[in-house]
Amino acid sequence: MVHLIEIENYSWQYLNTPQEALKNINLKIEQGSFVGIIGPNGAGKTTLAYSMDGLIPGQYRGLKHGVVKIRGIEVEEYPRGRLQQMVGMVFSDPEAQFTAMTVEDELVFGMENLGMSLPEIRERLEWVTELTELKHLLLKPPYEISGGQKQRVALAAVLAMTPEVLILDEPTSMLDPVSRKRVFEVLQKLKQSQNTVIVIEHSLENLIPLADRMILLADGEIALDAETGEFFQRLDLLLEKGISPPGAMRFFYELTQKNLYHGRLPLTVDEAAALLRGAA
Ligand SMILES: Nc1ncnc2c1ncn2[C@@H]1O[C@H](COP(=O)(O)OP(=O)(O)OP(=O)(O)O)[C@@H](O)[C@H]1O
Ligand SMILES: [Mg+2]
């Protein structure tokens, strides 16, 4: 079976740096999965994202070992631009991506570049503005809208090009809690319609309910890769690597440390509440 993403014995060292940013990564990602990637600063998360859309080794100089394949084809073998169309990337600073004078032009620009027909562009524009709730902002200049709206425009612009996989690198780190929640609501809809989504994110409260699988990167290596429920049972390892878990999970972990609780750690406040009701 050909996986959407297949990474085998992959290492990457940026030019003129003393050590590898990614070391012997082995990872397979199936179509339709929703994967969360976490890890401390400098762990190699962004480097891994760049490696999946060909920015590495395309735009960066360094030493590569091993193989990164998208749909069975090595990233280096794709014609220029083709891979970036298959793998859509959204970053934490959306402004850097904007070039147009209106939100509408920003969304249409990428589709025109791909040579989509006008009816197709109209149809996709309708779909994507509905999904991201941007219709009322189409005629505004991108620099006049709020941070959360900007991030939804960046997301919409990438989605309009129908990527096979969407990679988001800390998409909500510059947003307030309400805007952050709205971005995750869009991701929730994408999950429901079987899109493949990879999210690098610190906001675990929002990520946990969506992720099927979680990966912990630390010092350029995969320290843990598991189904989300199992992943967080290894809280000792996560804490050791500097991950700060959601409050409800932490509370039950502290009870475990004091020998007052011996069951599975709850992933969400709802799960914790159910456990407490059961204990009452
Ligand atoms: N352009 C570059 N040139 C040289 N070294 C780099 C470059 N970009 C990243 N690195 C190094 O590679 C390692 C991994 O960095 P990376 O940005 O992938 O980590 P990260 O997990 O995304 O961190 P953060 O949470 O801060 O975003 C770090 O040691 C970093 O200093
Ligand atoms: Mg990063």
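A crossing of two helices is left-handed if the near helix is turned anticlockwise from the far one by less than a right angle, and right-handed if clockwise. The structure is a predicted model, in which local features need pLDDT of at least 70, side-chain atom pairs count only at pLDDT 80 or more, and totals for chains, interfaces and linings use all residues. Residues are numbered from 1 along each chain as its sequence is written, while chains are lettered from A and ligands numbered from 1 in the order in which they are written.

Helices (H or I, at least four residues) and strands (E, at least two) are DSSP runs, numbered from the N terminus. The crossing of α4 and α5 is right-handed. Helix α4 spans residues 103-113 and helix α5 residues 118-132; they pack at an angle of about 140°, with their axes 10 Å apart. That angle makes α4 oblique to α5 (under 35 degrees is roughly parallel, over 145 roughly antiparallel, 65 to 115 roughly perpendicular, the rest oblique). Axes are lines fitted to C-alpha atoms, for helices over the stretch in contact, and angles run from 0 to 180 degrees between N-to-C directions. L107, V108, M111 and E112 in α4 meet I121, R124, L125 and V128 in α5 (contact: C-beta atoms, placed from the backbone, within 7 Å). By class, this contact has 6 nonpolar, no polar and 2 charged residues. Ala, Val, Leu, Ile, Met, Phe, Trp, Tyr, Cys and Pro count as nonpolar, Asp, Glu, Lys and Arg as charged, and the others, Gly among them, as polar.

An open sheet of 6 strands runs β6-β7-β8-β3-β9-β10, with mixed pairing (strands pair if DSSP finds at least two bridges between them). Its edge strands are β6 (87-90) and β10 (221-227). Strands β3 (34-38) and β8 (196-200) run parallel, joined by 4 bridges. G36 stands opposite V199 in β8. Helix α1 packs on this sheet, and its direction makes about 155° with that of β7. Helix α6 (147-160) also packs there, touching β6 and β7.

A second open sheet has 4 strands in the order β2-β1-β4-β5, paired antiparallel. Its edges are β2 (22-29) and β5 (73-74). Helix α1 (45-52) packs on this sheet too, touching β1, β2 and β4.

Helix α1 also gives the most to the shell around ligand 1, with 3 residues. The residues around ligand 1 include Y14, N41, K45, T46, T47 and Y60 (C-beta atom, placed from the backbone, within 6 Å). By class, the shell has 4 nonpolar, 7 polar and 1 charged residues.

Conventions: Two residues are in contact if their C-beta atoms, placed from the backbone, lie within 7 Å.
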